[in-house]
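User: I have some questions about this model. Please keep the answers brisk.

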Amino acid sequence: MKGKILVADDEAHILHVVSMKLRNAGYEVVTAVDGEEALELCGSERPDLIITDYQMPIMTGLEALKQIRQCEGMRDIPAIMLTARGFDIEASEMIAAGIASVLAKPFSPREVLEKVTELLGSDDEGTQAQ
Amino acid sequence: MTTAKRLGLATVALISLGGSAAYYATMMAMQGYSVPRSGLSYLVLGLIAALTALVLLAFWRSVQRSVRTVSSQLENMTRTRQIGLVMADGADEIAQITRPLNEFLTATRTQIEQLRGENRELQIQSRIAAAEKHHTEAIIFSISDAVLVTNRFDELILANEAAEKLLGFRLASSLRKNIDRIISDGTLVRLVRETRSHGRNFTRRVVEHSIDQKGTPKTFSVTLSCVVTDNEEVSGVVAVLHDITREKEIAKMKTDFVSNVSHELKTPLASIKAYVEMLIDGEAEDKKTQREFYDIIASETDRLHRLIENILNISRIESGVVKVVREPISLTGVVKQVLDVARPQAKQKNLQLVDRLAPVYYQVEADHDMIYQAVMNLVSNAIKYTPENGSVTVSVTVDERRGVVVCDVSDTGAGIPADDLPHIFDKFYRVRANNKLAKGTGLGLTLVKHIVETVHDGKMSVTSESGKGSTFSFEMPLLV
């Protein structure tokens, strides 16, 4: 297994398609439908990377990431944000939430996979070499 | 010959006569004639005295007459307030005085006429100025923007009703008072002072400023101008406060709307794009998965289409360009058509679909397609948000006393939390707690309310209890 990825989105189709793309590429995927669930899963599943939608019910992706950063050992997990509101996120907030990359909706699953490989790539090569 | 000369000559004549008589008497006495001295001289002297008295009397009379004539003419002028010429008859000395007097009177008359003319001119000008002042005040008072005028000491010299209302003062009791004693808004006072003190370098400026009006913040565009005299001195400041709260709200609503619309459009678009790409990349290996992907693409395309239709319908109604075909229709008839279409959907979830409908002959004047759309939205919402084995009841009742037809759509579904209820008809508003139950554009209820209230002058309402269900109702005037 190449690594564990948490995907959070309230749109079932997006969740489905991203998970499938990543699973087909050999990643383990856990899914959440809102920010709160994402936060819980982070604690129990300890993912290697987080992909989250920005606008979600109960808790936004941004708020969830900020809280995830407070948890033990979660400070440096790379995160990708998907959003249909590209310009609404302040740069300072992105830094505070530790967002490595923002992908605007409609996005390309291919592009998501590329970003993931880019972010987890070196580690994977390391683990594969062992 | 003047009276004085005549008098002089008469005196000389009298003296000569008296003298001659005295001389003659003296000569006679010297030559030895006996002259009855006392008799003769008394006679002569008496004669002289009598003559003198006569002359003096005549002279006095003449002067008196002249003075009376002149004085009566002068009195007449005083009474009639008309300056004329003075004519003296009788004593020439008085006539002599009248000449310069007449010259003086003529000069005075000319001057008075000139002054009268100037006075008339000034009166006209002052009337024009007063009229212009009224005019200007009328303009200022009729302006709906708040207008304040201050002098060089920052004292209030004019303000209109809008300013009185906005800033909470009475003009009558605030005139000539420094604005810092009248206006509690420190920023506005500072702006007026700054404008006055910067004077000529800064004759006009526009500042956006927020003022609380009865607890609600309002945004104003404040235009401050210096009043500059001919000597280029600042004699005061005019402040005009234009309420731009609504404009700002509309601008924000537009931005929010565009942002919401694009977000809502991007969501199905994102699915379509992603699934298409997955198919192209061969990520769906078996036929079943491929079929699933095609179905998702088709339904997301429909969703996108519905969304665009809803947005267009709402904006058509809002901008008033929608074509409305009003005709007598039966609400019961429309509900029956909707229920026929919705029945399979309800059956899938094993929902009981109940109808309690008034007779078909009760009619309303409405656009059939629009009312169909409104009822359809309400019924399909009720089905979507009601869990399996629940029930949806649609009723049409007639209230003849109030002259209305009421349509209620009740469900035993999720209900709407009290916090969400006031926003349920807002554009793109979705109840977060019920988000997982069904997909929606957040436009369906907005459209229903628009169709009922904006297009048909009806009334839309909702009651709901979270977890127990909701009832959406609308009423329309009964056609009699």
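User: Which residue in strand 5 of chain B is the bridge partner of Val147(B)?

Analyst: This is a predicted model, in which local features need pLDDT of at least 70, side-chain atom pairs count only at pLDDT 80 or more, and totals for chains, interfaces and linings use all residues. Residues are numbered from 1 along each chain as its sequence is written, and chains are lettered from A and ligands numbered from 1 in the order in which they are written. Strands (E, at least two residues) and helices (H or I, at least four) are DSSP runs, numbered from the N terminus. In strand 5 of chain B, Val147(B) has as its bridge partner Val240(B).

User: How many bridges join strand 1 of chain B to strand 5 of chain B?

Analyst: Strand 1 covers residues 146-151 of chain B, and strand 5 covers residues 234-243. The two run antiparallel. Two strands pair if DSSP finds at least two bridges between them. Here the number of bridges is six.

User: Which strands are at the edges of the sheet in chain B?

Analyst: Five strands form an open, antiparallel sheet in the order 2-1-5-4-3. Each edge strand pairs on one side only. The edges are strand 2 (156-159) and strand 3 (204-213) of chain B.

User: At what angle do helix 2 and helix 3 of chain A pack?

Analyst: Helix 2 spans residues 35-45 of chain A and helix 3 spans residues 61-70, with axes 8 Å apart. Axes are lines fitted to C-alpha atoms, for helices over the stretch in contact, and angles run from 0 to 180 degrees between N-to-C directions. Angles under 35 degrees count as roughly parallel, and therefore helix 2 and helix 3 of chain A are roughly parallel to each other. The angle is about 25°.

User: Which residues of helix 3 of chain A make this contact?

Analyst: Two residues are in contact if their C-beta atoms, placed from the backbone, lie within 7 Å. Helix 2 of chain A contributes Gly35(A), Ala38(A), Leu39(A) and Cys42(A). Helix 3 of chain A contributes Gly61(A), Glu63(A), Ala64(A), Gln67(A) and Ile68(A).

User: Which element gives the largest share of the side of chain A that touches chain B?

Analyst: The contact takes 19 residues from chain A and 19 residues from chain B. On the chain A side, helix 1 (12-24) and helix 5 (109-129) are the elements giving two or more residues. The largest share is six residues, from helix 1 of chain A.

User: Over which residues of chain A is the pLDDT below 50?

Analyst: pLDDT is the predictor's confidence in each residue, from 0 to 100. Chain A has a mean of 85, and 90% of its residues reach 70 or more. The pLDDT is below 50 over residues 123-130 of chain A.

Methods. Angles under 35 degrees count as roughly parallel, over 145 as roughly antiparallel, 65 to 115 as roughly perpendicular and the rest as oblique.
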